[in-house]
Amino acid sequence: MSTLDATVSMLEAMPEDARIKVMEFTWKLFTSRKPANPFVPVSQEQILSDLTESRQQISDGKGPDMEDALKRMGKQHG
């Protein structure tokens, strides 16, 4: 089943009031003057700067332990 087929199937199974809410939300996305994407484009320089800062924080022990984080996510999401 394609993503489109799955989406249509899901919409068909929804109650009418829920479909109307989806339609209204979709309409707002397409007619809003604000971009639908909340993330603003950043330069390569900014990405590399953020990466350097992140690596420094991890090196300083300020980052979360990835094994613990993955275990928590596993418990939350299965």
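The structure described here is a predicted model, and the values reported below are computed from it.

The secondary structure of the protein consists of four helices and zero strands, so that the order of elements read along the sequence is α-α-α-α, with helices being numbered from the N terminus. The C-alpha trace of the protein spans about 55 × 35 × 25 Å along its principal axes. The radius of gyration of the protein is 21 Å, whereas a compact globule of 78 residues would have a value near 12 Å. Of the 78 residues in the protein, 1% are buried. The accessible surface of the protein amounts to about 7700 Å², and carbon and sulfur atoms account for 60% of this area.

Side chains of opposite charge can pair when their charged atoms come close. In the whole structure, a search identifies two salt bridges. One of them joins the side chains of Arg-19 and Glu-16, with an N to O distance of 2.6 Å. Both Arg-19 and Glu-16 belong to helix H2, where they are three residues apart, or about one turn of the helix. Arg-19 is counted as partly exposed because its relative accessibility is 28%, and Glu-16 is likewise partly exposed, its relative accessible area being 48%; this class covers values between the limits of 20% and 50%.

The side chains of Glu-67 and Lys-71 also meet in a salt bridge, for which the N to O distance is 3.6 Å, and the cut-off for such a contact is within 4 Å. Glu-67 and Lys-71 are separated by about one helical turn because they lie four residues apart in helix H4, which comprises residues 66-77.

Terms used
Residues are numbered from 1 along each chain as its sequence is written. This is a predicted model: local features need pLDDT of at least 70, side-chain atom pairs count only at pLDDT 80 or more; totals for chains, interfaces and linings use all residues. Side-chain values use heavy atoms; hydrogens and water are left out. Helices (H or I, at least four residues) and strands (E, at least two) are DSSP runs, numbered from the N terminus. The radius of gyration is taken over C-alpha atoms; the globule rule is 2.2 Å times the number of residues to the power 0.38. Buried means under 20% relative accessible area, exposed over 50%, partly exposed in between (1.4 Å probe, protein chains only). Accessible areas come from the Shrake-Rupley method with a 1.4 Å probe; for residues, only the protein chains shown count as cover.
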